[in-house]
Amino acid sequence: MPASSQNPHGGPGDYSAVGSDPDTARELYFSTKFLLYSIDAWEHDRDQRFDLTALTDSFHQSVPVLDFLDWKITAIERGYAQTLLPLNPNASNQYIAHQGALMLLVAEYTGGIALASLLHLVPIIGFMPSVDDNAAYMWGAKAAIRWYAPSCHNLTCKARIDKPRWEGLAKRFTNSRKLVATIPVKMFNGDELVAEVDFTYWVQDVVSMKRHAFDPERIDLLYKHKTKTTAKLIVGLRALEQERSVTERRFDDPYAFMLAGKQGITLARRFSMGTPQLQHLVAARTQHLDRGVAEFAREQARFNIVNIGAGYDSRFWRLKFEGATIYDLDLPVMLNERRRIFDYTRDRQIHNLEIDLETQAIDAVLSASGRFNPNVPTYFIWEGGSMYFGDRHIDRIFSAVARIMAPGSRFWFDYVSEAIIAGTTGIREAEDFIDAMQKLGEPFVTGFSDIGPLARRYHLEIKEDVSAGSVLGIREAIYSHYGFFVLGRS
Ligand SMILES: C[S@@+](CC[C@H](N)C(=O)[O-])C[C@H]1O[C@@H](n2cnc3c(N)ncnc32)[C@H](O)[C@@H]1O
C-alpha cells in the first residue's frame, strides 16, 4: 500500500456531499527507505501522529486504566518510544512497588508506539483518527517478561527497534502483508534495569484485512471483530432504551440486549459518555423507520422489504407485516451471526442475502436469489450506512435501487449533515463522536446538506426529509445534523 497523504475530507462531489472516497484519494509513492531515514519525513510524521500530549490523552481515553495510573508518553523518535509509569498509589501494590502485570501493560503500549513510528503516517486504529482504509490494526500476540528487581520508583519504559530492522518491518507492512514483530522493551528505575519484555505484535493494514471479508471460512479473525463493531454499537444503543420504564420507551426492542451482549452495551456506554445524545438519535431513527414501514405496509397487499446492511437489526422479528417478503442484505459474516441468533424456522418471510456492497449491485443480488419479485412495491432501508460510504459506492447503491423501484416503492435512509463530516458544527459532542468513530477505524465520510441533486440524478423524488430533532420534538442543535430521507419515484 503506498503512503498516502490525502486531504481527509476531500472536496464536494458532483452532488452535494462531502466525502473522501478511498478510490479517488491521491497516493504518493515515496520509497520506504526515504520515509524512514528522511528528517523531513519524520518531522512531518511526528507533527501529524506523535504530539506527545495529544497522543497521551488519546491513550487515556481509549484505555482508561492508563489515565488512572497517570502513565505518560515522554519521547518518540523513529524506532523509539519512551513512556513513564509513575510510582503512585494507583500504580503500586502491597509492597509499594509496581504491580508486575501493570509493567507488562505499559510495555505493550510503549513497544507498540515504537513499532507504529516505522509506519509512516499510518493511523493506528484505536488511538489515531483514520479517515479511510489507510490505517493499521495492531494487536498483541505474545509477551515474555523478566522481572529483575522490585520497581520502587518511577518506571521509565524504553522500546528501541534497531535500525537494521526498520526497512524490513516497514516494507512488510507496506506490501500489505501481515507483520508479526517482537519488540524489546526495557524498564528502569533511574539507571537500574528492573525488567525486560519481549512483546510480539501483529499488525495489518485494513485493505489487506478486507481481502477475504466475503468468505466466512477465510475472513480475518480480527477483521470479523472490526466488522461487527459498528453494528454492535448501534444495537447497544437500542438496548439502552430498554432501561427506561415501559411507559417512557420510544420503542420496544426485546431482542436488543441479547444481540448487543456485553461488548455492544459497553461500546454504547463508552460512546454515550462523550456524546450523550447518541442514544436519542438512534431512538429517533428507530421510531421514524418503524412508523414509516408500518404506514407503507398498511397500503400494500403484497410487498418487499430490502434491508441493506441489516447488522443486528431485529425490526422484522419484533414487528410483523402481513404480505411482506423481507430480504436482509449484509456480508456473510454478519448474516451468519443472524442465523446463529434468530430461529429462522419460525419466520418464512425473512431471507438472508449475502452481499458485498463495495463490489456487488443490490439488484443483481436480489434477482440472483430467484425469489425477489420486482413487480410489487419495495420498501428499501439503508439504516446506519450512508455515512460510511464514499461517492462511488453510494452511486452503486442508488443506481441499483433506482433500477428496481416498482411504482409505489420507497427508499428510506438516514444521513448526517455535511458540517458533521467537515467538523464545523461547533458542537463538542458531535465532534467527539466523529473523532471516536475515526479512532475506531470506522470513519464517517459522507454527509448531505442537499439531497436534491442526488435524488434527481436517479430520477427519484424526496417524499420526506425530517431531522431527528423534529421526530423527538427537541430543538438542541445537534439533533438538526442527523435526519431521515424517504425517496420515491418521480
Ligand atoms: C452501522 S451497521 C448498521 C446495521 C443496521 N442497519 C442497524 O441499523 O442496526 C452497518 C452494517 O453495514 C454492513 N456493511 C458494511 N459494509 C458492508 C459491505 N461492504 N457490504 C455489505 N454490508 C456491509 C455491516 O456489516 C453492518 O451490519
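A: Find Tyr327 and look across to S10: the bridge partner there is His351. Strands here are DSSP runs of E with at least two residues, helices are runs of H or I with at least four, and both are numbered from the N terminus. Two strands pair if DSSP finds at least two bridges between them. Strand S9 (residues 324-330) and S10 run parallel and are joined by five bridges. Before you go further, note that this is a predicted model, in which local features need pLDDT of at least 70, side-chain atom pairs count only at pLDDT 80 or more, and totals for chains, interfaces and linings use all residues. Residues are numbered from 1 along each chain as its sequence is written.

Q: What does helix H12 touch on the sheet?

A: Helix H12 (residues 332-341) packs against S9 and S10, and its direction makes about 155° with that of S10. For such angles, axes are lines fitted to C-alpha atoms (for helices, over the stretch in contact), and the angle between N-to-C directions runs from 0 to 180 degrees. Contact is a distance test: two residues qualify if their C-beta atoms, placed from the backbone, lie within 7 Å.

Q: In what order do the strands of the seven-stranded open sheet come?

A: Read across the sheet and you get S10-S9-S8-S11-S12-S15-S14, with mixed pairing. Strand S10 (350-354) and S14 are the edges, each pairing on one side only. On average, neighbouring strands are turned by 20° against each other, ignoring direction.

Q: How many residues of strand S11 are buried?

A: Burial is a neighbour count: 20 or more other C-beta atoms within 10 Å of a residue's own means buried, 12 or fewer means exposed, and in between is partly exposed, with C-beta atoms placed from the backbone. For strand S11 (residues 378-382), five of the five residues are buried, so S11 is largely enclosed by the rest of the structure. In a regular strand, side chains alternate between the two faces of the sheet. Here Thr378, Phe380 and Trp382 point one way from S11, while Tyr379 and Ile381 point the other. Strand S8 (residues 303-308) runs parallel to S11 with five bridges, and Ile305 has Tyr379 as its bridge partner in S11. S11 is also joined to strand S12 (residues 410-416) by four bridges, again in parallel; there, Trp382 is partnered by Phe413.

Q: Which residues touch the most other members of the largest nonpolar core?

A: As a general idea, nonpolar side chains tend to be buried together in soluble globular proteins. A core here is a set of buried Ala, Val, Leu, Ile, Met, Phe, Trp, Tyr and Cys residues joined through C-beta atoms within 7 Å. The largest one has 84 residues, and those touching the most other members are Ala268, Ile305, Phe380, Ile381, Ile397, Val401 and Trp412. Helix H10 (residues 278-298) gives the most to this core, with eight residues. Take Val401 up close: leaving aside neighbours within four places in sequence, Val401 contacts Ile362, Phe380 and Phe411. A second, separate core of 49 residues includes Met103, Ile161, Met187 and Ala195.

Q: Into which domains is the protein divided?

A: The bounds come from an automatic or database domain assignment, which gives domain 1 (31-208) and domain 2 (224-489). Their C-alpha centres lie 38 Å apart. Twelve residues of domain 1 are in contact with seven residues of domain 2.

Q: What is the strand order in the open sheet of six strands?

A: The order is S2-S3-S5-S6-S7-S4, and the pairing is antiparallel. Its edge strands are S2 (72-77) and S4 (136-147). S2 and strand S3 (residues 80-85) share five bridges, and Ala81 in S3 is the bridge partner of Ile76. Helix H6 (residues 163-174) packs on this sheet, touching S4, S6 and S7.

Q: Is Tyr148 buried or exposed?

A: Tyr148 counts as exposed because it has 11 C-beta neighbours inside 10 Å. You'll find Tyr148 in the loop between S4 and S5. Not counting residues up to four places away in sequence, Tyr148 touches Leu193, Val194 and Ala195.

Q: Which way does phi go at His459, positive or negative?

A: Phi of His459 is positive, near 55°, in a residue other than glycine. His459 sits in the loop between helix H17 (452-457) and strand S14 (460-467). Asp70 also has a positive phi, about 65°, without being a glycine, and lies in the loop between helix H4 (64-69) and S2.
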